[in-house]
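Please look over the sequence and the fold shown below before reading the briefing that follows.

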Amino acid sequence: MSIVDKPATTWQIAVQSFLVSLGPTERAVIRAPTSPADCMAVLVASQRRKTKLARILDLMRPAIDPLKRFESAIDVIVQVNAGIASPIWGPLRIVVTLAADHFRTLESIAMIIHRIISSLQRFSKYEELFEKNRLVQDAIGAIYCDYLDFCVRVTRFYSASSLRTFFSSFDKDFQDVAESIQLHSQNVDWAAHTAHIEETQREMEKAKAERRAHERGNIQRWLSPSTVDDDLQRHLDDYLPQSCDAILTSQQFQSFISCEDVKHPHILALQGLPGSGKTTAAASIVDHLKTQGFEVLYFFFKANDVEKCSLLNCLRTILAQMIRLEEHLYDLVEPFYQDSGRVVADSLAEVQRALSKALSQSIKDQIFIVLDALDESSDGGEVFQWVKAQASSTSRQLRVLITSRPSLSLSWSSDLCWSFLRMESFETDSIKQYIMTRVQRNPVIRNTYVGRQIASSVTAAASGLWLYARLMMDDIDKLPSVGQIGKQLRVLPRGFTELYTQIIRTSETNFGPVELKLAQQLHLWIDTADYLPNFLVLEDDRLNYQMLELIFQYANDGEPVFDPARQASRVSGPLIDIFNSNAQSLEPEAYELDFIHHTAAQYLSESNDLLAAQLPLTLRPRRLRHLHRAAVAIWYFSECEQSEELLRNLQHTEGRTTHLMICYFQMAYGLWNTLKLIEFPDIQDAQEATEAEALMRKLTEFISTPACLRWVEAAIIINYEGRFPHLLLNAVESWAAARQVGDTHRFAPYAAFSKARIRFCQHYVFVLANTGFGRMCAPPELLDCPDGFAQDELAQAILRLGQRWRYLVFPGASSVDIDLPN
């Protein structure tokens with residue numbers, strides 16, 4: 001941007017300040033309309049009379065173009081400030097006219113004008129480049145004042161009564177302004193040079209900071225910390241004010257946080273039964289310690305979350321938190337990152353060394369580590385050993401608080417560094433207060449005998465379990481009358497199994513037929529670890545919104561359900577929590593579903609083996625969960641438009657990743673889990689037998705007809721493009737499972753299905769082994785062409801698909817390269 005585009009504020013201020021000091025006559029002269037062309041015309045006319053002016057004209061000609069640009073900038077000022085015309089050209093035109101016959105005077109003016117014009121362009125650029133530099137702006141302001149001073153002096157000479165006086169005193173009066181212009185010009189150049197150095201230093205510092213931020217971002221990505229900040233906020237949302245005060249004021253906790261005596265315990269174990277509020281207490285303790293100014297590192301173990309159940313994930317998260325809090329530790333951790341050569345820190349020993357080094361170099365007087373739900377860790381023994389190692393280390397500023405179920409391995413510890421607290425010792429009074437508060441919120445039972453009876457009975461039944469009290473009060477709030485509440489109080493559930501069953505049954509009384517089917521599908525698919533392999537559970541450990549839409553569409557006879565998240569919230573019962581996985585987004589796709597508590601996941605898993613009569617209607621399909629999930633997958637791959645779109649995308653992109661593949665894998669493994677089935681559940685009644693027979697016939701028909709080809713082609717493209725052996729391994733494993741069952745099973749539909757899957761898998765493995773990747777994984781007996789392969793229409797169709805996409809594995813190859821039957 002040039003000065004023409006943006007008038008300089010510094011120039012405006014200088015112009016206005018000088019105009020204020022001028023009289024009416026001088027203002028009239030300055031406002032006189034003129035231009036560089038007028039001045040040149042005067043000089044040209046003078047040249048005809050004074051040939052010596054040619055040298056001055058040559059001197060001033062290079063200044064004409066800058067003068068024109070300068071005048072344009074002044075014209076912008078005129079537009080903004082009405083009435084103010086060019087402050088230079090008016091006086092200059094008069095001076096040139098008056099001095100045209102006096103060579104020495106015109107020469108002096110020309111030299112001053114040349115000096116002004118030669119610097120204007122440079123200074124206007126300085127003003128733009130160093131707009132925020134006060135030193136440069138002040139220096140430019142001074143030179144602008146000199147320019148204006150020159151114009152005012154010219155005006156005053158023009159206003160003088162005696163022309164002879166003007167000529168005789170010109171050099172003397174203008175010498176000081178010329179010197180001032182020269183001095184201030186040098187000052188501007190010096191200020192600009194200084195500003196340039198400062199700007200360069202700032203740019204260097206900025207680039208350095210950007211490199212540092214990039215390197216730190218790489219280290220954080222290498223550590224890949226779990227989303228414990230979201231966990232902390234979610235658990236704090238469940239916290240009731242003052243409910244943990246008894247823990248915070250206990251002698252054990254106060255001794256734990258004390259730093260005055262090195263003999264005080266370095267590890268505090270907070271133990272309690274499932275549902276006693278340990279996780280909420282841990283979150284409140286983290287929040288309390290933070291508000292006290294302590295450095296707090298924390299991790300919430302979760303059994304059904306692959307990213308939150310191992311020691312490696314725990315230590316990576318703690319280290320990531322620590323270097324964010326103490327940034328000087330980034331330099332200490334960087335060598336470990338550089339030496340690893342890995343995208344993710346997957347070496348436990350390496351992360352342990354890095355964390356130990358960071359702890360030893362911390363500048364904090366005290367560091368607290370809070371580890372919640374140690375019993376939900378997949379390698380609790382290793383976590384326990386790491387905690388003990390920290391307690392015995394020489395780092396006396398470290399304090400570790402862990403929560404867990406009652407554990408003999410912890411209770412037997414006689415180390416003086418340990419201290420123990422039991423949740424049940426503190427929670428009864430808090431729970432009773434919570435229940436009384438809930439009673440007062442219910443207008444039907446507040447201040448009544450029934451309300452007091454609820455407070456007494458539920459408090460006793462809860463036995464210090466916060467989750468029990470909360471869920472029980474939620475269920476009571478749904479009851480329609482005082483009579484029903486009284487009936488409920490006479491038979492309160494014992495433990496979480498009875499509680500969950502009762503609450504689900506209460507909810508079912510308000511379901512219509514479609515809502516019941518929605519609830520059944522939701523509870524069939526919510527436990528992703530039950531049907532997805534470990535390498536996929538790592539990515540999809542929660543039921544995502546896209547999958548929720550599909551299973552609800554299936555339950556609604558193939559018609560999409562309006563607002564699936566709201567419907568899921570209505571039918572999810574006490575087991576499932578619906579939450580926004582991206583707090584920055586309000587889009588439906590940001591919602592995910594997960595168990596509200598570890599006991600809920602455990603209850604759902606145990607329901608698989610319960611008698612049908614013991615289960616709510618919502619959970620009865622779980623006894624045949626493999627078959628029901630397979631039925632949904634069959635609908636998806638044969639009737640759902642989404643799978644058709646998926647296949648078109650895969651064909652067009654030759655297997656490259658698409659967002660629709662998230663649902664593909666869940667549906668595909670819904671099928672594979674049934675194809676790999678060996679033990680079939682005992683059929684308990686005629687209704688269950690009829691249901692199982694219908695599901696088996698549907699599945700048998702699917703793998704025996706071209707209805708399965710959409711699934712087969714999508715699977716071939718994905719696995720061939722990625723050179724994955726998983727498809728072949730799944731088919732081999734399914735074939736082996738079917739052979740183990742044979743065709744003599746006492747449940748005839750299952751025996752027929754096993755016979756059909758043997759044939760399907762034989763053909764499938766033969767095609768995959770001969771056209772795709774992983775031939776060495778196939779048993780030798782499946783590498784030879786099966787009997788009847790050439791006459792089987794489905795087998796031939798699968799073969800054509802394998803030949804069509806073979807080039808993804810072997811570029812340049814074609815079907816003629818291998819000898820296959822026609």
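By the rule that a disulfide is a pair of cysteine sulfur atoms within 2.5 Å, the count in this predicted model comes to zero disulfides. Residues are numbered from 1 along each chain as its sequence is written, and side-chain values use heavy atoms, with hydrogens and water left out.

**Cysteines and burial**
- Cys708 is buried, with a relative accessible area of 0%, where buried means under 20%, exposed over 50% and partly exposed in between, using a 1.4 Å probe and protein chains only.
- Cys777 is partly exposed, with a relative accessible area of 31%.

**The chain as a whole**
- The protein chain has 822 residues, of which 52% are buried, and it contains 35 helices and eight strands, these being DSSP runs numbered from the N terminus (helices H or I, at least four residues; strands E, at least two).
- Of the contacts (heavy atoms within 4.5 Å) with a separation of 6 or more, 75% are between residues 24 or more positions apart.

**Helix H9**
- In helix H9 (residues 228-237) the buried residues are Val228, Asp231, Leu232 and His235.
- Seen down the axis of H9, these buried residues fall within an arc of 100°, so they line one face of the helix; the arc is that of the directions from the helix axis to the C-beta atoms.
- The cover over the buried residues of H9 includes helix H12 (278-291), strand S2 (295-300) and helix H13 (311-325).

**Strand S2**
- Six of the six residues of S2 are buried, so this strand is largely enclosed by the rest of the structure.
- Glu295, Leu297 and Phe299 are buried on one side of S2, and Val296, Tyr298 and Phe300 are buried on the other.
- S2 runs parallel to strand S3 (residues 367-372) and is joined to it by six bridges, where pairing requires that DSSP finds at least two bridges between two strands; Glu295 stands opposite Ile367 in S3.

**Confidence**
- The mean pLDDT of the protein chain is 80, and 75% of its residues reach 70 or more.
- Where pLDDT is low, the predicted coordinates should not be read in detail.

Notes:
pLDDT = per-residue confidence, 0-100.
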